[in-house]
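Thanks for coming. I have one model to go through today, so please look at it on the screen while I talk.

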Amino acid sequence: MFKYIWLSLIGFCGLIVIAITIVLSIAIFKLFGKHKICKEEIFSTNKTSAINGIIASIKYKVKNRLNQFPYKQIINISTLEYKSDSFAIKTASGNIEISGTDEKKAQATIEVYTGEPDNISADFANNTIEVSSKKYMCGNIKVLLPKNIKNLELASANGNISIQNFETSKSILSKVLHGTININNCNEISAIQLKSISGELNINNSELDILTIKTISGDISFINSTVEKDDIHTISGNVTINSSSINNIVLISVSGDVHINSSKIAVLVAKTVSGDIDFRTSAIEKDDIRTISGDIKRSENTVSDNENI
């Protein structure tokens with residue numbers, strides 16, 4: 001009976017791979033399609049299905065596209081009062097760094113690449129940053145916004161995303177194909193969704209109500225953070241939780257290892273095929289763990305419903 005349960009689990013994990021790949025491929029296609037920040041259709045992912053192939057293809061085509069836009073300009077914009085309760089930004093190749101401030105103002109520094117040495121402008125409009133040029137690409141972007149903004153949506157195909165110093169936000173959505181996502185000093189956030197194919201996902205010094213993470217090969221880490229409800233789906237990424245408090249965590253993995261150090265968790269539900277789970281130095285009130293070949297190392301005070309199968 002257990003054999004069939006684990007065959008179903010493996011099949012489910014396979015569906016996770018397919019689902020994440022399809023969702024992010026569609027997201028990246030839209031990212032490079034016609035929109036406010038990058039209006040040129042740069043590539044199509046129809047011919048590439050393997051994860052490494054997708055990443056290599058996008059890196060190659062982004063690099064080639066950048067060669068068509070040899071002129072770089074740095075644009076600084078600001079407004080004394082950012083009146084919208086939402087903000088969204090997308091970039092093809094470049095890092096996004098977005099920070100919260102106690103003030104109502106908004107500021108941004110944007111790298112813009114064009115084919116001609118034109119003088120272009122940009123401004124905050126329609127919940128994003130609009131650039132005057134018709135053909136361009138954006139590189140690194142730094143944005144300062146009111147820290148209590150309600151909704152953030154950030155996406156990058158090949159770059160890191162950093163989100164820091166926000167409070168009482170309702171929703172934060174961050175998607176990358178290949179790059180690191182860092183969440184730092186974000187408190188009383190209702191819901192955060194992080195999605196990636198390859199890249200680290202780091203939660204540091206933050207207080208979150210609901211956290212949803214979906215990744216294929218990116219490692220996930222928590223440091224000194226508090227989460228009410230955590231849902232993690234990964235294929236081969238390792239999960240490390242240090243000095244954190246989580247009320248309820250559900251973790252589904254194929255081969256990634258899980259290390260929970262000096263942390264407190266009320267309920268831990270974990271399903272793995274071959275990944276090891278080690279929480280000997282943490283206080284886990286109750287756990288429900290199922291694994292085929294991975295090692296389980298728990299503290300003596302943990303109440304356990306399941307063992308190795």
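I start with isoleucine 129, which sits in strand β6, residues 128-131. Strands here are DSSP runs of E of at least two residues, helices are runs of H or I of at least four residues, and both are numbered from the N terminus. Isoleucine 129 has 1% relative accessibility, and so counts as buried. For that term, buried means under 20% relative accessible area, exposed means over 50%, and partly exposed is in between, with a 1.4 Å probe and protein chains only. From isoleucine 129 to valine 143 there are 14 residues in sequence, and the distance in space is 9.8 Å, C-alpha to C-alpha.

Before going on, what you see is a predicted model, in which local features need pLDDT of at least 70, side-chain atom pairs count only at pLDDT 80 or more, and totals for chains, interfaces and linings use all residues. Residues are numbered from 1 along each chain as its sequence is written, and side-chain values use heavy atoms, with hydrogens and water left out.

Now the overall figures. The protein has 24 strands and 2 helices. It has 309 residues, and 49% of them count as buried. Among contacts with a separation of 6 or more, 37% come from residues 24 or more positions apart; contact means heavy atoms within 4.5 Å.

Next, strand β9, residues 161-164. Which way do its side chains point? Ile161 and Ile163 point one way, Ser162 and Gln164 point the other way, and all are buried. In general, side chains in a regular strand alternate between the two faces of the sheet. Strand β3, residues 96-101, runs parallel to β9 and is joined to it by 4 bridges. Isoleucine 98 is the residue opposite isoleucine 163 in β9. With strand β11, residues 181-184, β9 again pairs in the parallel sense over 4 bridges. There, glutamine 164 has asparagine 184 in β11 as its bridge partner.

Further along, isoleucine 232 is in strand β16. It has 0% relative accessibility and therefore counts as buried. Which residues does isoleucine 232 contact, leaving aside neighbours within four places in sequence? They are Ile213, Ile220, Phe222, Val239, Ile249, Val250, Leu251 and Ile252. Its C-alpha atom is separated by 6.1 Å from that of threonine 212, which is 20 residues apart from it along the chain.

The loop between β15 (220-223) and β16 (226-233) holds asparagine 224, and serine 225 lies in this loop too. Asparagine 224 is not a glycine, yet has a positive phi of about 50°. At a relative accessible area of 45%, asparagine 224 is partly exposed. Serine 225 is buried, with a relative accessible area of 2%. A polar atom of the serine 225 side chain lies 3.0 Å from the backbone oxygen of isoleucine 223. Beyond four places in sequence, serine 225 is in contact with Ile203, Asn204, Asn205, Ser206, Ser243, Ser244 and Ser245.

There is another positive phi to mention. Glutamate 188, not a glycine either, has a phi of about 55°. It lies in strand β12, residues 187-198, and is partly exposed at a relative accessible area of 47%.

Then aspartate 278, in strand β21, residues 277-279. Is aspartate 278 buried or exposed? Its relative accessibility is 16%, so it counts as buried. The side chains of aspartate 278 and arginine 280 are joined by a polar contact of 2.9 Å. A polar contact is a pair of N or O atoms within 3.5 Å; within protein, one must be able to donate a hydrogen and the other to accept it, and residues adjacent in sequence count only if both atoms are side-chain atoms. Not counting residues up to four places away in sequence, aspartate 278 touches Val258, His259, Ile260 and Lys297.

That is where I stop. Comments are welcome.

Conventions:
Pairing = 2+ DSSP bridges.
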